[in-house]
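Please look over the structure shown below before reading the briefing, which moves from one chain to the other and groups its points by topic.

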Amino acid sequence: MPHHQFPPAGWYGHRVAELRTERETLDHIRDVGVRALTLDDDVVSMSHGAGGKASSALIDAVFIEAFGQPHPDELTDAAVLELPGFRAVEAPTRIAYTTDSYVVNPLRFPGASIGDLAVNGTVNDLAVTGAQPLALSSAFIIEEGFSIAELRSHVQDMRAAADRAGVRIVTGDTKVVPKGAADQVFINTSGIGVIPADRVLGARQVAVGDAVILSGPIAAHGMAVMIARGNLDITADISSDSAPVNGWVEAMYAAVDSADIRWMRDATRGGLATVTNELAQDTGLGILLDDEAIPVAPEVRGACEMLGIDPLYVANEGCFVAVVADAATDAAVEALRTAGADQAVCIGRVTDELQALVATRNAFGGTRLVDMPSSDLLPRIC
Amino acid sequence: MKYVDEYRDPQAARDLIEQIHRLSDSMDRHFKFMEVCGGHTHTIYRHGLERLMPEQVEFVHGPGCPVCVIPRGRVDDAIWLAHQPGVIFTTFGDMMRVPGTKKQSLLGGGADGTDTRFVYSPLDAVKIARDNPESTVVFFAIGFETTAPATAAAITVADRLGLTNFFVFCNHVLINPPVAAILSVANVQLDALIGPGHVATVVGSRHFDFVPRDFHIPIVMTGFEPLDILASVTMLLRQYSEGRCEVENQYARVVRPEGNAEALRLLSDVFTVKSTFEWRGLGSIPDSGYAIAEKYQRFDAELHFDVPGIVVPDHPACQCGLVLTGQLKPWECKVFGTGCTPQNPIGTCMVSPEGACAAYYNFGRLP
């Protein structure tokens with residue numbers, strides 16, 4: 001047996017005399033974590049658009065730096081604006097206002113197209129602010145040479161999605177750029193909606209013991225797109241979950257006391273893990289999820305297992321998380337199911353046992369941390 | 001889901017956990033079990049298994065994360081290859097985010113003018129080469145005996161197709177030399193190995209006879225589901241309680257004593273063993289890497305391109321070697337979680353989700 005010189009001198013540093021305890025290290029990481037994220041890149045990379053820590057760093061260092069820090073409750077899916085009431089007699093009206101750009105490749109994949117996404121995404125950003133969507137704008141950036149028949153098909157998808165969500169597309173803009181200056185077509189939509197006076201959502205409303213409700217199965221959209229890109233040589237019967245959630249939100253408000261609905265967010269880019277982490281960070285409280293309760297379609301789970309991807313981090317386009325008062329849990333879930341979100345389910349609780357962290361517990365009692373994703377999802381080697 | 005749910009059955013898991021507690025309670029001693037594979041480390045943390053173990057049973061996270069062990073100099077070489085004109089650079093997804101010396105990675109995604117694509121199988125890279133005859137396709141091959149046969153198969157297919165635009169940057173490694181190296185260190189006291197199930201599928205469980213023979217500790221070939229690991233821990237404890245020390249096979253649904261004959265034939269046909277290979281965090285280990293054999297040399301990227309090949313030492317603050325040999329817990333490292341994070345890794349244990357520190361950072365960090 002060859003006796004290996006190990007470790008080679010000078011490669012490992014030295015074992016420090018005073019080792020930190022696990023607790024001390026975790027406290028130290030938390031203290032460092034609350035400091036502002038720093039942006040130390042010179043160029044924008046794909047991870048700056050993936051919705052994780054790199055995106056937050058870019059937004060903080062570039063956009064908030066220039067536009068100013070919004071109110072803590074404002075940096076959500078839509079801004080909330082107050083319009084003064086008529087002659088100061090009426091109460092002011094609260095308007096939700098949001099915008100989103102849609103760039104997806106391929107433009108059409110099982111279950112949705114860029115047109116569906118452009119409407120549903122913006123409608124959902126309004127709905128989870130508690131707003132009833134009123135109207136959308138649509139702006140197109142089209143690459144020279146793009147097929148008009150294909151453009152028409154995406155616009156028709158937008159119309160169908162708007163009809164389904166009960167909103168109108170009322171204004172728009174079209175720009176054509178030279179071949180190569182854009183990839184086929186990019187769509188931006190903005191939307192406005194009215195927030196009924198009795199709806200107050202936000203991190204400050206959330207209390208320990210509240211229930212975390214998920215409107216339906218996760219991870220289908222992201223996996224459908226990844227497979228449709230075709231560079232993985234995998235086929236699976238997976239369709240995007242792209243859908244408007246505003247009808248479900250309304251059904252929930254109709255069934256429970258408005259004050260019992262505390263917080264909502266749609267679980268798009270970055271998936272359920274990102275949304276629940278935002279909840280934990282905004283409230284400073286812990287979120288304990290029940291792993292077995294989180295619905296994932298078998299074929300989606302199969303594809304995720306095969307590629308080594310955690311479904312909690314995969315994007316959704318018709319799925320939202322609501323925090324409701326414990327006593328309203330059953331009524332809220334029932335209302336969602338009756339309204340068509342038939343796999344809506346309570347997936348966990350808000351707890352004070354963890355500080356600003358998300359964890360899941362599995363059926364045999366093992367717990368694990370669910371961290372913010374740091375960059376794009378990539379399949380693992382084994 | 002078939003073949004997954006069976007291995008996550010809650011009742012079966014609870015029964016095994018109870019057996020583990022009973023067995024360890026019956027013996028008055030501490031156990032350090034090293035899981036050799038990064039895949040096992042990932043499962044242990046992802047399913048919270050560490051916290052379900054009795055105090056006497058400790059997991060030590062071994063060297064078997066193929067992404068983690070690639071030294072920084074080789075990553076720099078890969079990035080250099082990706083930047084050569086006309087090159088389509090291909091590799092496994094999780095290799096793409098590993099930073100080189102200047103913090104750049106293969107994730108540039110066109111922003112840096114490169115064309116880097118992730119593939120699920122080396123054969124996909126061959127297909128890209130066939131479909132893009134005007135480009136030069138380089139496959140960044142990494143992994144143990146697990147993925148090496150797939151690279152070997154890709155090379156033979158490229159040979160049959162007569163491709164002249166397909167090259168392999170070979171970084172395949174062997175499992176036994178690093179395991180033997182770790183077990184030879186005097187201050188590393190391991191009580192058993194949770195054996196690398198995927199590698200064993202190729203090389204066979206017999207390949208690990210040296211562990212009980214030369215190092216006098218048991219090893220159990222183990223699958224990658226939570227129940228597999230719990231069953232394996234039970235088998236190791238039972239060996240101790242019955243006074244046995246041998247190679248056992250928990251992963252019998254895929255692992256055979258003799259391994260996979262076709263894969264082994266491909267390995268010996270396409271590769272030769274290099275006299276030495278540098279491992280990130282472990283240093284140079286003799287006879288631990290594969291090189292492309294002479295008859296397939298025309299596919300060797302290191303012969304076709306003038307690869308810089310500069311050796312870059314690990315970061316001075318890095319204590320990965322101590323973590324990899326179980327002498328330090330991830331959180332005991334000075335830079336863990338602050339200077340060294342999955343987003344900005346300093347050391348090998350943090351670079352892939354299968355590395356010990358990344359797995360603990362991602363899943364284990366609970367008060």
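This is a predicted model: local features need pLDDT of at least 70, side-chain atom pairs count only at pLDDT 80 or more; totals for chains, interfaces and linings use all residues.

Two strands are said to pair if DSSP finds at least two bridges between them.

**The four-stranded sheet of chain B**

- The strands β4-β3-β5-β6 of chain B, taken in that order, make up an open sheet of 4 strands with parallel pairing.
- At the edges of this sheet stand β4 (115-118) and β6 (166-172) of chain B, each of which pairs on one side only.
- Neighbouring strands in this sheet are turned against each other by 20 degrees on average, when direction is ignored.

**How helix α3 of chain B is enclosed**

- Of the 11 residues of α3(B), 9 are buried, and the helix is therefore largely enclosed by the rest of the structure.
- The buried residues of α3(B) are B:R72, B:R74, B:V75, B:D76, B:D77, B:A78, B:I79, B:L81 and B:A82.
- The cover over these buried residues of α3(B) includes the strands β3, β4, β5 and β6 of chain B, together with α11 (301-304) of chain B.

**The five-stranded sheet of chain B**

- A further open sheet of chain B is formed by 5 strands in the order β2-β1-β7-β8-β9, and here too the pairing is parallel.
- Because β2 (57-64) and β9 (247-249) of chain B stand at the edges with a single partner strand each, one side of each is left without a neighbour in the sheet.
- On average, and ignoring direction, neighbouring strands of this sheet are turned by 25 degrees against each other.
- Strand β1 (residues 31-37) of chain B and strand β7 (residues 192-196) of chain B run parallel and are joined by 3 bridges, and the bridge partner of B:F33 in β7(B) is B:A192.
- Helix α9 (residues 226-241) of chain B packs on this sheet and touches β1, β2, β7, β8 (219-222) and β9 of chain B, with a direction that makes about 165 degrees with that of β8(B).

**A crossing of two helices in chain B**

- Two packed helices are described by the angle between their axes and the distance between the axes.
- For helix α5 (residues 148-161) and helix α10 (residues 261-270) of chain B, the axes come within 9 Å and cross at roughly 65 degrees, and the crossing is left-handed.
- On the side of α5(B) the contact is made by B:A148, B:P149, B:A152, B:A153, B:I155 and B:T156, and on the side of α10(B) by B:A263, B:L266, B:L267, B:D269 and B:V270.
- By class, this contact of α5(B) with α10(B) has 9 nonpolar, 1 polar and 1 charged residues.

**A loop residue of chain B**

- B:S184 lies in the loop between α6 (176-183) and β7 of chain B.
- B:S184 counts as partly exposed because it has 16 C-beta neighbours inside 10 Å.
- Although B:S184 and B:D214 are 30 residues apart along the chain, their C-alpha atoms are separated by 9.6 Å.

- Chain A has 9 helices and 14 strands, and buried residues make up 44% of its 382 residues.
- Among the contacts in chain A with a separation of 6 or more, 81% are accounted for by residues 24 or more positions apart.
- Chain A is divided into domain 1 (62-195) and domain 2 (203-369), and 23 Å separate the centres of these two domains, taken over C-alpha atoms.
- The contact between them takes 22 residues from domain 1 of chain A and 22 residues from domain 2 of chain A.
- On the side of domain 1 of chain A that touches domain 2 of chain A, the elements that give two or more residues are α3 (114-127) and α4 (148-165) of chain A, and α3(A) gives the most, with 8 residues.
- The residues of that side of domain 1 of chain A divide into 12 nonpolar, 5 polar and 5 charged.

Notes: Residues are numbered from 1 along each chain as its sequence is written. Chains are lettered from A and ligands numbered from 1 in the order in which they are written. Domain bounds come from an automatic or database domain assignment. Two residues are in contact if their C-beta atoms, placed from the backbone, lie within 7 Å. Ala, Val, Leu, Ile, Met, Phe, Trp, Tyr, Cys and Pro count as nonpolar, Asp, Glu, Lys and Arg as charged, and the others, Gly among them, as polar. Axes are lines fitted to C-alpha atoms, for helices over the stretch in contact, and angles run from 0 to 180 degrees between N-to-C directions. A crossing is left-handed if the near helix is turned anticlockwise from the far one by less than a right angle, and right-handed if clockwise. A residue is buried if 20 or more other C-beta atoms lie within 10 Å of its own, exposed if 12 or fewer, and partly exposed in between; C-beta atoms are placed from the backbone.
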